[in-house]
Amino acid sequence: MAKSSIASIDWITVLLFILLVGFGWGNIYSASYESETFSLADFSRVYIKQAYWILLSILLIIITQAIEVKFYERFAGLIYVLSLLSLLGLFVFGKNVNGATSWYAIGPAGIQPSEFAKACTALALAKYLSDMQTNIKLIGHQVRAFLIIALPAIIIVPQPDPGSALVYAAFFFPLYREGLAAMYLIVGASAAALFILTLLFDPLWVVLTISLGIVALLVRNRKRKPKYSRYLMTMIVVTGFCFSVNYIFNNVFEQRHRDRFNIVLGKEVDSKGIGYNTNQSEIAIGSGSWTGKGWKEGTQTKGGFVPEQHTDYIFSTVGEEWGFLGATTIIILFILLLIRLIHLAEKQKNQFSRVYGYSVVGILFIHFTINIGMVTGLIPTIGIPLPFFSYGGSGLWGFTILLFIFIKLDANRVNEW
Amino acid sequence: MRKLLLYLIIITTGTVFVIRLFYLQIYNTSFASLSEDNAIKVIYDYPQRGAIYDRNGRLLVTNQPSYDVMVIPRELKPFDTTEFCSILKITKDKLVKRLKKARIYSPRVPSIIIPQLTKNEYAYLQEKMRKFEGFYIQKRSLRDYQTEYASNVLGYIGEVNDRIIKDKPYYISGDLIGIDGVEKQYEKELRGIKGVKRIQKDRFNRDIGPYKNKKFDTLPVNGKDLTLTIDSKLQAYGQKLMKNKRGGIVVLEPDTGEILTLVTAPSYKPELLVGRKRSPNFTKLVYDTIAIPLFDRGLKAEYPPGSPFKTINALIGLQENIVDTQESISCRMGYYYGKNGRKLGCHSHRSPLSMIPGIANSCNAYFATVYRRIIEKYETPQEGMDKWRKHVESFGLGNYLGYDLPTGKKGKVPTSSYYNKIYQYPTYKWYASATLSNAIGQGEVLATPIQLANMTAAIANRGYYYTPHIIKAIDGKPIENENYTIPKMTTIDKQHFEPVVEGMHQVYTQGTASSLQVEGIAICGKTGTAENFTKINGIRTQLTDHSVFVAFAPKDNPKIAIAVFVENGYWGSRYAGRIASLMIEKYLKGTISRTDLETWILTHSLEEEYAKPYSGQPFKINQ
């Protein structure tokens, strides 16, 4: 490891990482301790296990920093293939936990390959886009890039773990940065908006209203000789989309999926059944008020009212025990980290590093958004962890590797060319 | 540009989250209380309510246990309804209805299914209780009355209503509070302070230990026992004498201002307002708008005081030096005044009379003269009226007395501005003669029985009184409240009292109450016969006079002062005087020698008299 490389590590990012991991552990401790004696050898305690995961992640950090930068670039393809194989292997050797076959059992611990596949996919995408031959403006190359992203997602969905698969939407960040047409963004956003409108209102009315809008637009633009076929196509696509959403929602989705959407959209009130998690989480956060009830003093946390509180719902502990000020601080820490990472990614002279950097931003951002959105009741329940914060060895290691590979790439910036 | 959009997305997301957190944590406060509801169980430890004793240490009020069957609808499991209903003697329909009501009220909060079981029912049910999950038995404490009397003094307790809960944060739904009488006045002393235990619960509603190491828990503080100034034997005797009559008796100890007896009639037995029977009984009492048994006539009924008020005018006359004890004033069956020869009538007695026989014979002409001189002593009748009023008020008339019971009335002593208003001064003028009925305690003057008793005590004391009070000791410690231990002085000098006291004594020895003498007791008294009116179909109609009597005894070093009002009892010595004499003898001697008076009172009823205005028929009064 070159000495200049250590000196050029971005310590701001490292500091943010340490703050998040440290604060995260403190909250896991609060959410899982039961007033008994503290013993480092007690592996049945969640917070002890997490402490070991954190200690071991230091080893991972050293390894990521020791490996030559060229290694990541040269072996990106191989690493990607290995991660796909590890995901496929789950169908044969996987262990079923909570209805999902996402784990390899290794002694008392479990390894969740999907947590590592994100970093691998980021490497592969970076490698592909940074190839001199690749031009993201070409349809064929776009399809290939999409395939690299979609393959692991497709394997993860039937495990089933749709939440983890959804994370792959994060790669929109690097693609967009590298020049993917804004049209994709517009179409994606419109589709999402239509999806929600269709669920909220009768699809027939949605279609009629939008058609009216299109016709009005056409009438306004008639003197500019509009292409009628385009307007017609748009109307047909919208109509088809709305009715298929309606069909899929009612006939393909299972009731539990429908319930999750309906609760967030406010079409259903249910604080005991499927809405219990969200409701309890909101109560816990809401009871925190300005400064919270204090560390280890959260009554909701102590009573175990919020399910999965030390994993996906860890942010509700922050809200209850540290209040508005503490929760806002965590949000700000995440935002600072993301902005810092974009800033660093922009500084990369090497396209591989830049694409990888944006992938890291995208992955962290989507985890952050979906997790906090779910815990605060803004979006439907999608069980994915809060990076660096939630309990879980694979998750922590996956995010640590993801982040520190980029830190290594960034630190090496000065040595290039 | 592309870079900027990503920054924008990230910062927008962060902002949305912070706003959402602000909404959940700061703006919407309902979450905070929800959390208190389901994670912390608050258990209250209720102390025993204090007992109440009379002045001689006789127990009047204590507590009895009672058992409510409670249900938490959420925790109900299927159970043998037939067995449950047969144990509790309740029909299945009723049970189903009550369970439904409880569930609507709240599935989580306990509701009462069957209130106030007896000890026997409880003992039997307790064995079986484990079979019925979701039900449990809550012990409560009810009042247990050891007396049939003094309900107006003791008051009663009941569950707090929503308004009390809002005003006084100490109370929560289902708590008991004193609603009337001593129970209300000394609520804080009697109730003690309930203890609080907070228990942390988990999501299965299991207790997982005390909340914050019992930091916020408190121990209950016991309620204090009260000793009242009431003499329960005298109270009981007074209530017996007032049977079938309406009115009030107030007996004071002049030395201290202690209320020995406070009778209102008709009354009710205190046990009527306990437990399961309370609600229907209370409704019955409230809806009796003719006899109004819940109305404490001893404290709240404002009657014209009648002739006993003449003693005050005599005292003011002496103090203002417009009459002496020697001067005799003639009476020609009344007092003639004004241009048109208007007359204030009087009964037949020898004439002329000086002050002492004037009081003994209750001569209207004598007091009309004295009163007129008082008012006319000053340059204007306004000034005279206000001087006169000041003297009257120093006897505790015309304002709240400041005693420690929660109800009362001010009574009335007219002011000069009152007359200015009704006579439209200064357009028209008015003179002492226009207010002449004040001379004989009629007209504008009104007083409650307790005010009259207090006035009598002030005369007995020759010039001062102690504010009447019902509390003697709290937890055995005598009261030190200065309001009750420092005497209030009247505006009349001590030496003026002797002739008036002598006059009141002669009321007994040779005057209007000479038939009421009690062997061996020097009683001083004054009869009163107060005209009164009511409205029947909007027409002002005169009813039979109220019988009024005030007295104190013995003449020297008085031990008892009394005021008796009997509505429509006709002349003063007829009902009120007899009762006063009996009460005095009972208190001072313990036995009754005038059994003739007692038999007469016990066998005479005024119910017929009270029915007259409601009969719809024309009727005669003062028969």
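Of the 19 residues of helix α18 in chain A, 18 are buried, so the helix is largely enclosed by the rest of the structure. Keep in mind that this is a predicted model. Helix α18 of chain A covers residues 393-411. From its first C-alpha to its last it reaches 26 Å. That is close to the 27 Å expected at 1.5 Å a residue.

Now look at a single residue. A:Thr198 sits in helix α10 of chain A, which covers residues 182-200. Is A:Thr198 buried or exposed? A residue is buried if 20 or more other C-beta atoms lie within 10 Å of its own. A:Thr198 has 21 C-beta neighbours inside 10 Å, so it counts as buried.

Which residues is A:Thr198 in contact with, leaving aside its neighbours within four places in sequence? They are A:Pro203, A:Val206, A:Cys242, A:Val245 and A:Asn246. Another pair shows how sequence and space can be set side by side. A:Thr198 and A:Phe249 are 51 residues apart in sequence. In space, their C-alpha atoms are 9.8 Å apart.

Next, turn to where the chains meet. Here 33 residues of chain A are in contact with 28 residues of chain B. Several helices of chain A supply at least two residues each to this side: α9 (172-177), α14 (276-286), α15 (299-303), α16 (314-347) and α17 (351-375). The largest share, 11 residues, comes from α16 of chain A. What kinds of residue make up the side of chain A that touches chain B? They divide into 16 nonpolar, 13 polar and four charged.

Which strands does β11 of chain B join? One is β12 of chain B, residues 258-265, which runs antiparallel to β11 and is joined to it by seven bridges. Within β12, B:Thr261 is the bridge partner of B:Val251. The two strands form a hairpin with four residues between them. In the turn, B:Gly257 has a positive phi of about 80°. Strand β21 of chain B, residues 560-566, is also antiparallel to β11, and six bridges join the pair. There, B:Ile249 stands opposite B:Val564.

Methods. Residues numbered from 1 in each chain as written. Chains lettered and ligands numbered in written order. Predicted model: local features only at pLDDT ≥ 70, side-chain atom pairs only at ≥ 80, totals over all residues. Expected span 1.5 Å × (residues − 1). Buried ≥ 20, exposed ≤ 12 C-beta atoms within 10 Å, placed from the backbone. Contact = placed C-beta atoms within 7 Å. Nonpolar A, V, L, I, M, F, W, Y, C, P; charged D, E, K, R; others polar. Pairing = 2+ DSSP bridges.
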